[in-house]
Every structure is written in C-alpha cells, then in structure tokens.
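Trainee: I have a structure open and want to go through it with you. Can we start with single residues and then look at the whole chain?

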Amino acid sequence: MRNDVRTGTAMALASMLLVQLGLAASTGLLDQLGADGTAWLRLAWAAVLLLVIVRPRPRSFTRQTLLACVALGVVTAGLTMLFMAAVARLPLGTASALEFLGPLGVAVARGRRSARLWPALAAVGVVLLTEPWRGGIDPVGTAYALGAAVCWAAYILLTQRVGDGVSGLHGLSVSMPVAALVATLVAGPAVFSALTWPVVFAGLGLSVLLPVVPFALELLALRRLTTAAFGTLMSVEPALALVIGLIVLGQRPGWGPVVGIAFVVAAGIGAERTGQRTAVQPRTSEQPERLTLV
C-alpha cells in the first residue's frame, strides 16, 4: 500500500512538471492566438488524441459516471481557459500560486485534523511566493487565476469520482471532448482565421505536454491518494512554476518566493507521508452506482 502512495506522488509530481513546461512552451502561441485560442487549440487536439487512442465504449459507463465525465469536461475547459488568461497577465509563478488556493481548499476541507498542518504550511509558502504586500498585481489576471482555482478544486473532486467510476482512461476520453466542445463555443470561431499549419501542428505537440499526459497522470494518482493529500501536493506546483519561469522565461524571484518554495516542498513531503487512500475498485455499468469521495 505504501508503494501506491509513492507511485501516486510520483505521478502527481510528474504531472505538475509537465503542466508548467507546457505553459512555458505555450507563450509563443499566446502571441498568435491569445489565451482563449491557445487553450482551445490544446483542448481540441487532446480530445482528438484521446478519442483515437482510447476509443471509449458506451457500455463502460453508468449514467452517473457519464454525467460526472461531462461535468469534469466543463470544469476542465474553465480551468484551462481561465488559467491561460491569468498567465497572459501575471508571472507564471504568481498565477500558479493563486490557482493553488483551489487544491488548498480541498486539502483543508477534506483533510484529517491531524494532517491539516501541511495545508497551513503550504498556505504560508504560497503567500511568500506571491508577495501580495508588494502590490502591483494585475487585478484582472488575479480574478482569472482565482476563477481557475475554483475550477481546480472541482476538477480534483470530479477527477477522483470519474477515476473511481470507470477503468483506465475511458473517463478522460469523454471529459476531454466535452472540454474541447465548451472551448470551441467560447473561443473557437474567433481564432479560426488565425490558424496556420505551423500553429496547428505546434498545438498538437503542446496538447501532449499539456493536457493529455498530465491529466492522465492526475487521474491515476487520485486512485491512490486522498483528495486532501493530492491537494496539498499541488502546493509544489507554484514552486515548479517559479523555477521554470526563471530558467525558461527569465522571471527572477526574490528571497520571499525562494523561502516560499521551501515551505511548499515541506508541505508536499508531509502530504506524501499521510496520503494513503483506501483502494477503490473501478466499477462497470453492471455494478451498483455507489461512489465515495475520500
């Protein structure tokens, strides 16, 4: 069982690293398509890839699980588009730190009392990472990031529900096309005229980096970890964003964010040690429709 925790933690960390690399690599597309267009192109390609590779079968889903997949798709579209809009206005580390308030809320709400030290420690680290006392943060970008935080909290709960309800990546192969459809309704028509073949193929590569592989890893990780532990582990993402922002984008942090990194890493280690989840067997459409979010 302990190996399940370590495997889930490794999956979560790999997912976070790929997310931040994908965001950093998306900055070129932001100039050509804007935040909404970039998010739409990635989601559209992700939907195509998952439908072709996984080929979901209707009989794999109960009505309850299918509805959860649709809800997850809507939330995924909101998370992706709102966060891309935030990154267009804020430094990558700041946007990721604000977005982390969503997973932090999940960790506090669902964590055992004895394990709530880690979300608190992560919260201190996030404050140090964002340095709100300095002022000058774009209010619109902040609003986008906070909206993404709400979506991320819902995404964690729904991803675990979908992962418990259907085996493999079948749930993701339904939720992602729904996310692509929502993004198309919001942003697709406005960016069609800006598409060129190089941009389209760049979107294909970026969709593998983000969201296909990271979202698949998160779904598998949430089969092994509690939502509280997973939410606390996400505190490492702002730290990764800060490092990648420095290396890839040249965004240099001060001492406060550096100390904040130490806090969130410590919180992530603590969450890993207390994050074992009772195993849940994915059910088929013939099994009773009883799901418990741990």
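Trainee: Where is the place of Val-265?

Mentor: Val-265 sits in helix 13, which covers residues 255-273. Keep in mind that this is a predicted model.

Trainee: Is Val-265 buried or partly exposed?

Mentor: Partly exposed, because its relative accessibility is 33% and the buried class is under 20%.

Trainee: How far apart are Val-265 and Gly-125 in space?

Mentor: Their C-alpha atoms are 8.8 Å apart, although 140 residues separate Val-265 and Gly-125 in sequence.

Trainee: Switching to Glu-218. Which helix is Glu-218 found in?

Mentor: Glu-218 belongs to helix 10, residues 197-221.

Trainee: And which side chain of opposite charge is nearest to Glu-218?

Mentor: That is Arg-42, 11 Å away. Glu-218 is buried and has no salt bridge; a salt bridge would need the charged atoms within 4 Å.

Trainee: Then which side chain does a polar contact join to Glu-218?

Mentor: The side chain of Tyr-155, at 2.6 Å.

Trainee: What else does Glu-218 touch, leaving out residues up to four places away in sequence?

Mentor: Besides Tyr-155, Glu-218 touches Ser-15, Thr-159 and Phe-230.

Trainee: New topic, aromatics. How many aromatic pairs does the structure hold?

Mentor: Three. One of them is Trp-40 with Phe-192: the ring centres are 5.3 Å apart and the planes stand at 65°, so this pair is edge-to-face.

Trainee: Which parts does that pair tie together?

Mentor: Trp-40 is in helix 2 (residues 27-54), while Phe-192 is in the loop between helix 9 (188-191) and helix 10, so the pair links parts 152 residues apart in sequence.

Trainee: Trp-40 first, then: buried or exposed?

Mentor: Trp-40 is buried, because its relative accessibility is 8%. Phe-192 has a relative accessible area of 43%, so Phe-192 is partly exposed.

Trainee: What share of the residues is buried?

Mentor: Of the 294 residues in the chain, 52% are buried. The chain exposes about 12600 Å², with carbon and sulfur atoms supplying 67% of that area.

Trainee: And what share of the contacts joins residues at least 24 apart?

Mentor: If you take contacts between residues at least 6 apart in sequence, 90% join residues at least 24 apart.

Key
Residues are numbered from 1 along each chain as its sequence is written. This is a predicted model: local features need pLDDT of at least 70, side-chain atom pairs count only at pLDDT 80 or more; totals for chains, interfaces and linings use all residues. Side-chain values use heavy atoms; hydrogens and water are left out. Buried means under 20% relative accessible area, exposed over 50%, partly exposed in between (1.4 Å probe, protein chains only). Contact means heavy atoms within 4.5 Å. Accessible areas come from the Shrake-Rupley method with a 1.4 Å probe; for residues, only the protein chains shown count as cover. Helices (H or I, at least four residues) and strands (E, at least two) are DSSP runs, numbered from the N terminus. Lys and Arg count as positive and Asp and Glu as negative; His and the chain ends are not counted. A polar contact is a pair of N or O atoms within 3.5 Å; within protein, one must be able to donate a hydrogen and the other to accept it, and residues adjacent in sequence count only if both atoms are side-chain atoms. Rings of Phe, Tyr and Trp (its six-membered ring) pair if their centres lie within 6.5 Å; planes under 30 degrees apart count as stacked, over 60 as edge-to-face and the rest as tilted.
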